[in-house]
Amino acid sequence: MKTERSLKQIFDKWKDRVEQLIKEHPLQIISWEATRRCNLNCVHCGSPAEDVVLSDELSTEEVIFAFEQVAIDFDMNQFRHINITGGEPFVRKDLLDILKQISKYSFYRNIDIQTNGIFIADNPEILRELKKYGVTGLGISIDGLESTHDVFRRRRGSFAKAFKAARLSVENGYVVTVSTVAHARNIHEIPQLFELIRKEIKPRVFRVMTIDPIGRAKFDSEYMLSPVQLRQLINFLKEEYRESCLTYADSKSTMVELGCCGWTGTELEGTFRPFIFHCIAGINNLGILYDGKLAACSNISRAFIEGDLRKERIKDVWESRYQRYRNFEWKKIADCANCDQWDYCHGGPMHKRLPDGRMLNCIYKILEEEKSQIPLAKPEA
C-alpha cells in the first residue's frame, strides 16, 4: 500500500514532467475535427452542426496541405498520433483519400478515429482499407443499454450498429476504446453495460466520460449527474480499475478509465484510470477544427481559437500564441482562487472553461462536497 510520503513523491515527479512539457510544448498529438456533419442528432453533442456554417468545411486539398505543412515545419521526432473526431468523420466521402495522402509520412501512421459506428457496421470492408493508411485505433460510442442508447442518440437501431462496429473492429485487430457518456438516465446501467461490453466485444479500453453542460447538453439539465451519482460512478470505476490492473497484461482484458472530465484530487487520482489527469490542450495537443481554425480541442469554446490555417502558418501560431493554454493564472478566479489542488490541476480541462475564465463544473469540488461512499452495485452473475 502506498504511504503518504510515496504518494507525494509520485505526484511531485508527475508535476515535474508536466512542467517540462508545458515549457517545451512539443507537438505530439493533432486532434482533427474532420467535420461537423453527422448522421445522428445526439442529445449531448458537444460539437453540434447547428452552431456552425457547414459550408466552411476544409476541402480535401486544404486538409492534406495542413498535415504536410506540419510535417515540414515541426520536429516530428516526438510526434505520437492523430486523433480524428467530428461530427462523424465517416460522412466525409474523401476521408480515405486524405488518409492515403498523409499516411505517406511514417509519423502519421498511428491514427485513431472516433465514430458512432454506423458507417463501419454498414460497410465492414472499410476496416481493411483503414489499416492500409495508418489507422490503428477506433473509438466507438455506446451510451447505455439498447433502448437508452437509442434514445440518447435519437436513432432506433444505433445501439446495434455501434455494438457490431466495435466487435468487428476488435476482430480485425484494431485497438478499440468503447466510450460511454455517463448521465442521470444511464448511470444505473453502467455496471451491466460494462459486463456486456467486456464479455462480448472485448475492447482494450472501456472509457467513461461524464456529461458536461456544453453543446446541446447545456439545454437539458435532466441528464446532468447529481453529486451522489458522480460518487457512485467513481466508486464503481475504482473497483473495476483495481481488477483490470491485475489482468491488463492479458491482451484480451479490458482496462477501465475515467475520461478527461477533470482533476479529482490527490486522494483519488491514479485509482480509477491509468494516468494522472492534466489537460494537455494547447500544450502538446493541437486542434484543427472543421473550418481550419486552430484550437486545441473541438469541445473547447470557440472563444479560445488561436488562429486560422487558411491565413497563417500553423507553426507560427503554435509558437507565438496558445499562452492561455500554458500560463494558467488567468483561470485562478472564483472557486479556483484558493483551491488547495491548484498546483496540480491548473484550473482543470479547458472544455469546461468559460470565456470569462470561470469553470463550468469542477469535479473535484463536487466530490469534496459529496463525501458519502455509496457503491454502484455490480449486476448479479
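Me: In this predicted model, which residues of α9 do I190, P191 and F194 in α8 meet?
Reply: The contact joins two helices, α8 covering residues 190–200 and α9 covering residues 227–247. Its residues divide into 5 nonpolar, no polar and 1 charged. On the α9 side, the residues that I190, P191 and F194 meet are L233, F236 and E240.

Me: Are α8 and α9 roughly parallel or roughly antiparallel to each other?
Reply: The axes of the two helices come within 11 Å and cross at roughly 30 degrees. Angles under 35 degrees count as roughly parallel, and α8 and α9 are therefore roughly parallel.

Me: Is the pair of F67 and Y108 stacked or edge-to-face?
Reply: A search of the whole structure finds 19 aromatic pairs, and F67 with Y108 is one of the pairs defined by ring centres within 6.5 Å. The centres of these two rings are 5.5 Å apart and their planes stand at 85 degrees. Planes over 60 degrees apart count as edge-to-face, so the pair of F67 and Y108 is edge-to-face.

Me: Is F277 buried or exposed?
Reply: F277 lies in the loop between β7 (255–258) and β8 (285–288), where the residues it touches include W14, C260, W263 and P349. Its relative accessible area is 5%, and the cut-off for a buried residue is under 20%, so F277 is buried.

How values were computed: Residues are numbered from 1 along each chain as its sequence is written. This is a predicted model: local features need pLDDT of at least 70, side-chain atom pairs count only at pLDDT 80 or more; totals for chains, interfaces and linings use all residues. Side-chain values use heavy atoms; hydrogens and water are left out. Helices (H or I, at least four residues) and strands (E, at least two) are DSSP runs, numbered from the N terminus. Buried means under 20% relative accessible area, exposed over 50%, partly exposed in between (1.4 Å probe, protein chains only). Contact means heavy atoms within 4.5 Å. Axes are lines fitted to C-alpha atoms, for helices over the stretch in contact, and angles run from 0 to 180 degrees between N-to-C directions. Angles under 35 degrees count as roughly parallel, over 145 as roughly antiparallel, 65 to 115 as roughly perpendicular and the rest as oblique. Ala, Val, Leu, Ile, Met, Phe, Trp, Tyr, Cys and Pro count as nonpolar, Asp, Glu, Lys and Arg as charged, and the others, Gly among them, as polar. Rings of Phe, Tyr and Trp (its six-membered ring) pair if their centres lie within 6.5 Å; planes under 30 degrees apart count as stacked, over 60 as edge-to-face and the rest as tilted. Lists of a residue's contacts leave out its neighbours within four places in sequence.
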